[in-house]
Amino acid sequence: MPQIKSLIKFSIRLFLLGMVLAVIGFTILWLIIVPSLPSVDALRDVELQVPLRIYSADDKLITTVGEQRRIPLKIDEIPLSLKQAFLAAEDDNFYGHPGIDWRGTLRGVFGYVRYLGQRRVPGGSTITQQVARRFYLSNEFSVTRKVREIFLAMKIERELTKDEIFELYLNKEFLGHRAYGVGAAAQIYYGRTVDELSIAQMAMIAGLPQRPSVVNPVTNPGFALDRRNYVIDRMLAEGFIDHGEHQTAIAEPDLARLHGPQSELDAGWIAEIARQQAVERFGA
């Protein structure tokens with residue numbers, strides 16, 4: 001019995017020591033890294049790259065020019081179910097955490113140690129961390145980049161509201177086939193605006209961020225359908241949809257295909273003249 005008590009006391013002391021060392025290490029990293037982080041003020045007024053749209057004098061769309069396709073939307077213009085689909089797929093506690101999912105981060109740390117840093121492991125990146133990475137960092141696989149991402153996410157959370165962060169994410173994220181943001185993805189895959197999407201289509205789009213170039217409904221419909229159904233299951237588990245909506249969404253066939261820009265007027269030669277003049281005036 002005395003040996004058991006001694007072991008318990010030793011374990012408690014070891015745990016407390018580990019906690020103290022962790023706090024000290026975190027504080028040191030904070031003091032070293034945070035001053036070198038970029039300012040996030042620009043995120044409030046960020047101008048997302050959009051394609052050149054050429055209209056006629058009576059405001060009819062002739063053509064769209066540009067590699068990236070994006071239709072920027074305000075957070076209030078995005079349907080609740082679409083936002084919930086992304087929360088279910090990517091970060092169900094987004095509105096409750098301080099920018100970091102500590103459980104997911106610890107899983108990533110243990111996985112990194114387990115594989116000796118030789119492979120990527122799920123690191124529990126929150127939506128805020130993904131915003132930090134998309135706007136300021138790279139996809140480099142390193143401990144240094146991950147630490148900077150964590151601290152930058154915490155800084156973003158202190159200076160922007162949750163809705164501001166979520167709006168940036170939903171407009172910035174690459175979703176395959178030159179689609180950046182949910183507005184463009186809805187048009188490219190389904191030829192619809194975001195408010196015209198079904199729950200199943202919203203779940204499909206919400207499942208794209210992990211591997212958008214490989215697992216999307218056009219390039220790899222089988223895997224994309226599995227991912228869509230996983231997101232639908234997660235929406236049910238989070239209480240975002242009821243059982244009837246779940247069954248309807250699961251049963252819905254996916255009819256995604258590539259949709260080009262919706263032209264309202266056939267005047268390609270005039271559009272090319274306008275494009276050349278725009279390049280001469282503003283540069284490529």
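**First stop: helix α8**

Select α8: its buried residues pack against α2, α7 (182–190), α9 and α10. Here helices (H or I, at least four residues) and strands (E, at least two) are DSSP runs, numbered from the N terminus. Buried means under 20% relative accessible area, exposed over 50%, and partly exposed in between (1.4 Å probe, protein chains only). Contact, used for packing and touching, means heavy atoms within 4.5 Å.

This is a predicted model, in which local features need pLDDT of at least 70, side-chain atom pairs count only at pLDDT 80 or more, and totals for chains, interfaces and linings use all residues. Residues are numbered from 1 along each chain as its sequence is written, and side-chain values use heavy atoms, with hydrogens and water left out.

How many residues of α8 are buried? The helix is mostly covered, with 8 of its 8 residues buried; among them are I199, M202 and I205.

**Second stop: helices α9 and α10**

Next, select α9 (residues 221–237) and α10 (residues 243–251), whose axes come within 10 Å and cross at roughly 175 degrees. Axes are lines fitted to C-alpha atoms, for helices over the stretch in contact, and angles run from 0 to 180 degrees between N-to-C directions. The crossing therefore makes α9 roughly antiparallel to α10 (an angle over 145 degrees). On α9, the contact is made by R228, N229, I232, D233 and L236; on α10, by H243, H246, A249 and I250.

Now colour the buried residues of α9, including A224, R227, V231 and M235. The buried residues of this helix pack against α2, α8 (199–206) and α10. Just past the end of α9, select G239, which takes a positive phi of about 80 degrees.

Move to the loop between α3 (102–114) and α4 (127–136), where S125 is found.

**Last stop: D76**

Finally, select D76 in the loop between β2 (61–65) and α2 (80–90). Is D76 buried or exposed? D76 counts as exposed because its relative accessibility is 71%.

Notes. Angles under 35 degrees count as roughly parallel, over 145 as roughly antiparallel, 65 to 115 as roughly perpendicular and the rest as oblique.
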